[in-house]
Amino acid sequence: MHSSLDHIPDYPPKTPPPPKKPVQPPRPPIPPAGTIVRTRRRDVTMTNRQGVNWPLEAQPWSALKARRRVVAQLRDWGYGANHAAAGDVTALLVDAAVGDGGTRVSVHLADQNRQALILVLSHQPDLAVGDEAVLPRLAELGASSCGTDTAPDGRRRWAVIDL
């Protein structure tokens, strides 16, 4: 004979114990000192400032065309001095981008705190990494800051100049 207590479930139900340590993915290996670590290049983002851009053909005359557009835009924004330096920096950046051998370049201009950012993209894929020959020349022309980086979609060169 069965007792009535044989069919009574246990309350509350028993739960399994929590794991002793949470599972963590393995940490990435730490590269040796002096190793260049490639990261995904961030897109250009301009917020809270004026900005314009122009796509151009990668032709010998593109530097002059870009120079004129940058100088005219700076005048439209009300900057009265240092147009020659901004034009020279723009021409050098565009000449370097045309030298990368693509079919097009793009020029981006923004201003903030009486400084102009001039950025040129070459849009030429599969370039060798590390073209820094233009950086000392940009500094000679008056750039307060400048840089370059290379990604699979092309090379980006930029300079900041005081207005």
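Trainee: What covers the buried residues of α1?
Mentor: This is a predicted model, to begin with. In it, the cover over the buried residues of α1 includes β1 (50–57), α2 (83–98), β2 (104–112) and β3 (115–121).

Trainee: Which residues of α1 are buried?
Mentor: Ser62, Ala63, Ala66, Val70, Val71, Gln73 and Leu74. They sit on the same side of α1, because their arc around the axis is only 165°.

Trainee: And which ones are exposed on the other side?
Mentor: Arg68, Arg75 and Asp76 are exposed there.

Trainee: How far apart are the end C-alpha atoms of α1?
Mentor: They are 21 Å apart. The helix has 15 residues, 62–76, and at 1.5 Å a residue it should span 21 Å, so the two values agree.

Trainee: What happens just after α1?
Mentor: Glycine 78 comes there, with a positive phi of about 95°.

Trainee: Back to α2. How do the axes of α1 and α2 cross?
Mentor: They cross at roughly 145° and come within 8 Å. The crossing is right-handed.

Trainee: Which residues meet there?
Mentor: From α1, the list includes Ala63, Ala66, Val70, Val71 and Leu74. From α2, it includes Ala84, Ala91, Val94 and Val98. Charged residues take part too: Arg67 and Arg75 of α1, with Asp88 and Asp95 of α2, are among them.

Trainee: How does the whole contact divide up?
Mentor: Into 10 nonpolar residues, four polar and four charged.

Trainee: New topic. Where is asparagine 113?
Mentor: In the loop between β2 and β3. Asparagine 113 has a positive phi of about 50°, although it is not a glycine.

Trainee: Is asparagine 113 buried or exposed?
Mentor: Exposed, because its relative accessibility is 66% and the cut-off for exposed is over 50%.

Trainee: What about arginine 114?
Mentor: Arginine 114 is also found in the loop between β2 and β3. Its phi is positive too, near 60°, and again this is a residue other than glycine. At 46% relative accessibility, arginine 114 counts as partly exposed.

Trainee: Let's zoom out. How many helices and strands are there in the protein?
Mentor: Three helices and five strands. From the N terminus on, the order is β-α-α-β-β-α-β-β.

Trainee: What share of the protein is buried?
Mentor: Buried residues make up 34% of the 163 residues.

Trainee: And how much contact is there between residues 24 or more positions apart?
Mentor: Such pairs account for 63% of the contacts with a separation of 6 or more.

How values were computed. Residues are numbered from 1 along each chain as its sequence is written. This is a predicted model: local features need pLDDT of at least 70, side-chain atom pairs count only at pLDDT 80 or more; totals for chains, interfaces and linings use all residues. Side-chain values use heavy atoms; hydrogens and water are left out. Helices (H or I, at least four residues) and strands (E, at least two) are DSSP runs, numbered from the N terminus. The expected span of a helix is 1.5 Å times one less than its number of residues. Buried means under 20% relative accessible area, exposed over 50%, partly exposed in between (1.4 Å probe, protein chains only). The arc is that of the directions from the helix axis to the C-beta atoms. Contact means heavy atoms within 4.5 Å. Axes are lines fitted to C-alpha atoms, for helices over the stretch in contact, and angles run from 0 to 180 degrees between N-to-C directions. A crossing is left-handed if the near helix is turned anticlockwise from the far one by less than a right angle, and right-handed if clockwise. Ala, Val, Leu, Ile, Met, Phe, Trp, Tyr, Cys and Pro count as nonpolar, Asp, Glu, Lys and Arg as charged, and the others, Gly among them, as polar.
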